[in-house]
Amino acid sequence: MKTALITGVTGQDGSYLAELLLEKGYQVHGIKRRSSSFNTQRIDHLYVDQHEDHVKFKLHYGDLTDSTNLIRIIQEIQPDEIYNLGAMSHVKVSFDSPEYVANVDGIGTLRILEAVRILGLIEKTRIYQASTSELYGGTKENKNEQGLYDENSPFYPRSPYGVAKIYGFWITKNYREAYNMFACNGILFNHESPRRGETFVTRKITMAAAAIALGKQDCLYLGNLNAQRDWGHAKDYVEAMWRILQQDKPEDYVIATGVTTYIRDFVKMCFEELGIELAFEGKEESEIARVIACNNPEYQIKIGKVVLRIDPKYYRPTEVDILIGDPTKAKTKLGWQPKYDLKSLVNDMVTSDLELVKQHFNSRWEHLVG
């Protein structure tokens, strides 16, 4: 039985990956940060009484800023595979906490690699490093001939998050070459799900669409609607992570759908999932979205009602206008094929948030989705 260690196990990707590995018969260990309040709702269904025999899923307190702690955990577990998914991954927030992001997302990766090297586990342990499409920066000059970003596209990060992640990418590649370590980067483009954090734009939109349809919220406020993203489902993307570490040779892979969508169109799709049609008017900070039709008798909103406005506080100091990846290598070498398209992703997220709003709406909601 293989043993895997996941940093960031309480997050979207970590929880789906833990499920996948348990289904495949792994012993799974996860690292979570100590907090005075629990943040384990995504993995609570996996957690059983730790006093039982043959427990397949275990949690350990740890932090990517604490190297001695990481060394202790890795020494104790002796993992066959490490998936380093832990990070401060909110791009906008990274401008407010750049030093912290560098420490966790950049040097944190080094601490994992060094722990494996120091403990003499180079021959035993394979390492997956969660890289990001934010490495590319959305510039036109570094796309390939098909107009996509692939494994050979030059990087041009446009945020402290992207800059920190670029260090993680290169130090992983360096340790692979310097120490013959099985260490790989998965350059994952945007991947979402009902477990996405509530402050990320896709989840913010699906939550707001559900709340507005149910009459629990008045208006959604967003930033740059002209940004375009390559969105896939997190369930598909964690399978790609696993496939990367099952190869004979360690390599880096772009994981993406090859399709890009405007945030404005994503908003339209989410409301259409509820039978609500929107029309956008105005430009830049004056752009709004009005309801022009309600085709679902369960969700009737006054025609002409403004349900979306722009708030400049959500603009980034440097914006990445477009991201679209080329998954050719992943499909060819890994045999990876996404099961979800954007429409099915939107359906999954909106359906989930609709039930969530019905069951748990409270005064906190308006703050989260406003």
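1. The axes of helices H1 and H7 come within 9 Å and cross at roughly 60 degrees; axes are lines fitted to C-alpha atoms, for helices over the stretch in contact, and angles run from 0 to 180 degrees between N-to-C directions. H1 passes H7 in a right-handed crossing, a crossing being right-handed if the near helix is turned clockwise from the far one by less than a right angle, and left-handed if anticlockwise. The contact (heavy atoms within 4.5 Å) is made by Gln12, Asp13, Tyr16, Leu17, Leu20 and Leu21 of H1 and by Ala234, Lys235, Val238, Glu239, Met241 and Trp242 of H7. These residues divide into eight nonpolar, one polar and three charged. Here Ala, Val, Leu, Ile, Met, Phe, Trp, Tyr, Cys and Pro count as nonpolar, Asp, Glu, Lys and Arg as charged, and the others, Gly among them, as polar.

2. This is a predicted model, in which local features need pLDDT of at least 70 and side-chain atom pairs count only at pLDDT 80 or more, while totals for chains, interfaces and linings use all residues. Residues are numbered from 1 along each chain as its sequence is written, and side-chain values use heavy atoms, with hydrogens and water left out.

3. Helix H1 (12-23) and helix H7 (234-244) each supply at least two residues of the lining of the second largest pocket; helices (H or I, at least four residues) and strands (E, at least two) are DSSP runs, numbered from the N terminus. About 190 Å³ of space lies in this pocket. On a 1 Å grid over the protein atoms alone, a pocket is an open set of points where a 1.4 Å probe fits, with protein on both sides within 12 Å along at least five of seven lines, and lining residues have an atom within 4 Å of a point. Grid points are joined across faces, edges and corners, and a volume is the space filled by probe spheres set on the points. The lining includes Tyr16, Leu20, Lys235, Val238 and Glu239, as well as Lys339 and Tyr340. By class, it has four nonpolar, no polar and six charged residues.

4. Arg243 also lies in helix H7. Arg243 counts as partly exposed because its relative accessibility is 23% (buried means under 20% relative accessible area, exposed over 50%, partly exposed in between, with a 1.4 Å probe and protein chains only). Not counting residues up to four places away in sequence, Arg243 touches Leu334, Gly335 and Trp336.

5. H6 passes H8 in a right-handed crossing. Among the residues making the contact are Ile205 and Ala209 of H6 and Phe266 and Val267 of H8. The contact of H6 with H8 has nine nonpolar, two polar and no charged residues.

6. Lys165, in helix H5, is buried, with a relative accessible area of 3%. Its contacts, not counting residues up to four places away in sequence, are Ala87, Asp105, Gln129, Ala130, Thr132 and Leu135.

7. Most residues other than glycine have a negative phi. Gln78, which is not a glycine, has a positive phi of about 55 degrees and lies in the loop between helix H2 (67-77) and strand S4 (81-84). Phi of Asn180 is near 55 degrees, also a positive value, and Asn180 is found in the loop between helix H5 (160-179) and strand S6 (183-188). Gln78 is partly exposed at 32% relative accessibility, whereas Asn180 is exposed at 62%.
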